[in-house]
Amino acid sequence: PDDFREKFSEFLPLVKKGEIDVTQVENEIVRYANSRKRPSYMGSPDASYRAFRVKDFKVFFQYLSNYLHDRNGIHYEWNPLLIPFYRVQKILRKKRYHKFLSQEGLTDTQSLKNMNYLIYPLHFEPESSTLIQGRWFNDQRKIIEMISKSMPINTVLLVKEHMPSIGRRPLNYYKDVACHHNVFFIDHRVDTYSLIEGSKGVIAISSTMGIEALMLKKPVMTFGERFYNVSNNVYKITNFRTIDAQITAMINHEFDWLDALAFFYTLFQTSEEDMGFLSSFDYSHEDLHKLAHKVEVFLTK
């Protein structure tokens with residue numbers, strides 16, 4: 001919401017003075033974290049890449065029909081004859097990713113109990129979360145390299161793949177990320193909440209995992225513009241030369257729970273969706289009508 005920052009500034013002192021009852025907000029956060037809920041798109045059966053489904057035939061022929069009728073359509077830039085090639089490419093990339101993960105990655109949190117670690121969730125690319133919200137910091141491999149060079153000697157960075165991205169990135173992408181001595185991949189199937197609970201914090205451009213970290217009383221570092229940057233528990237990077245100092249401060253951070261409660265209270269007050277940041281839209285006709293209505297209301301204010 002446009003007035004999110006202003007609302008947060010208004011509610012924060014009231015929450016800290018005890019003039020706003022945030023008991024319901026705190027209970028909702030606990031309920032949400034205990035349920036291990038994930039963003040709606042992660043719960044979709046299409047989130048995990050599959051090599052082949054019967055309905056792919058229907059999608060392919062629909063694409064072919066649309067392409068022939070509207071070759072200038074923005075969604076039909078690929079020649080249909082190339083689509084089988086891209087499908088095979090994704091299948092091979094997925095297999096290479098899993099082989100790489102089995103050889104180089106960590107598969108559970110047991111080996112992390114005595115480690116100081118930060119988490120970096122890889123973002124889907126290309127997407128507004130990196131290209132627009134990240135602005136000047138949108139090259140994830142370069143960001144991870146800068147983090148690697150800035151961390152204390154007794155700390156490591158765990159990189160977690162974004163499930164819908166499996167099969168999209170080439171093997172060299174993962175090798176480039178893992179070439180640093182203090183950077184390790186963690187299996188994407190490891191429970192995100194358990195991973196965050198044992199960490200020193202989350203570093204991201206604009207990931208939903210940043211919100212989950214605040215729910216679990218962990219600090220966040222961002223390289224992008226995200227609405228949760230208003231919190232004092234978030235370290236915003238605007239200059240790469242400050243990363244090392246910011247990471248040190250982040251590791252030693254004393255979490256301000258009242259600040260976090262004020263943030264979530266603001267979120268509930270300014271959003272009608274489930275937890276505000278997790279889209280409940282499944283893009284059905286009904287959902288699109290709801291979304292269109294909200295846009296209409298916004299434009300007529």
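Modeller: Happy to. A residue is called buried when its relative accessible area is under 20%, exposed when it is over 50%, and partly exposed in between. Please keep in mind that this is a predicted model.

Let's take helix α1, which covers residues 4–16. The buried residues of α1 are Phe4, Phe8, Phe11, Leu12 and Val15, and they pack against α11. Just after α1 comes Gly18, with a positive phi of about 80 degrees.

Now look at the partner helix. α11 runs over residues 257–270, and Thr266 is found in it. Leaving aside residues up to four places away in sequence, Thr266 touches Phe4, Lys7, Phe8 and Phe11. Phe4, Phe8 and Phe11 are among the buried residues of α1. Thr266 has a relative accessibility of 0%, which is under the 20% limit, so Thr266 counts as buried.

For contrast, move on to helix α12, residues 285–299, where you will find Leu299. Leu299 has a relative accessible area of 64%, and because that is over 50%, Leu299 is exposed. Leu299 belongs to a nonpolar surface patch with Leu288, Leu291, Val295 and Phe298, and together these residues have about 460 Å² of accessible area.

Among contacts with a separation of 6 or more, 68% are between residues 24 or more positions apart. The protein exposes about 17000 Å², and carbon and sulfur atoms supply 53% of that area.

While you have the model open, a few backbone details in the loops are also worth a visit. The peptide bond from Glu125 to Pro126 is cis, with omega near -5 degrees, and Pro126 lies in the loop between β1 and α5. In the loop between α5 and α6 you will find Arg135, a residue other than glycine whose phi is positive, near 50 degrees. Arg135 is partly exposed, at 45% relative accessible area. Lys217, in the loop between α9 and β5, is not a glycine either, yet has a positive phi of about 65 degrees. With 43% relative accessibility, Lys217 also counts as partly exposed.

Methods. Residues are numbered from 1 along each chain as its sequence is written. This is a predicted model: local features need pLDDT of at least 70, side-chain atom pairs count only at pLDDT 80 or more; totals for chains, interfaces and linings use all residues. Side-chain values use heavy atoms; hydrogens and water are left out. Patches are made of residues with over 30% relative accessible area and no salt bridge: like charges are joined within 9 Å, nonpolar side chains (Val, Leu, Ile, Met, Phe, Trp, Tyr) within 5 Å. Accessible areas come from the Shrake-Rupley method with a 1.4 Å probe; for residues, only the protein chains shown count as cover. A salt bridge is a side-chain nitrogen of Lys or Arg within 4 Å of a carboxyl oxygen of Asp or Glu. Helices (H or I, at least four residues) and strands (E, at least two) are DSSP runs, numbered from the N terminus. Buried means under 20% relative accessible area, exposed over 50%, partly exposed in between (1.4 Å probe, protein chains only). Contact means heavy atoms within 4.5 Å. The expected span of a helix is 1.5 Å times one less than its number of residues.
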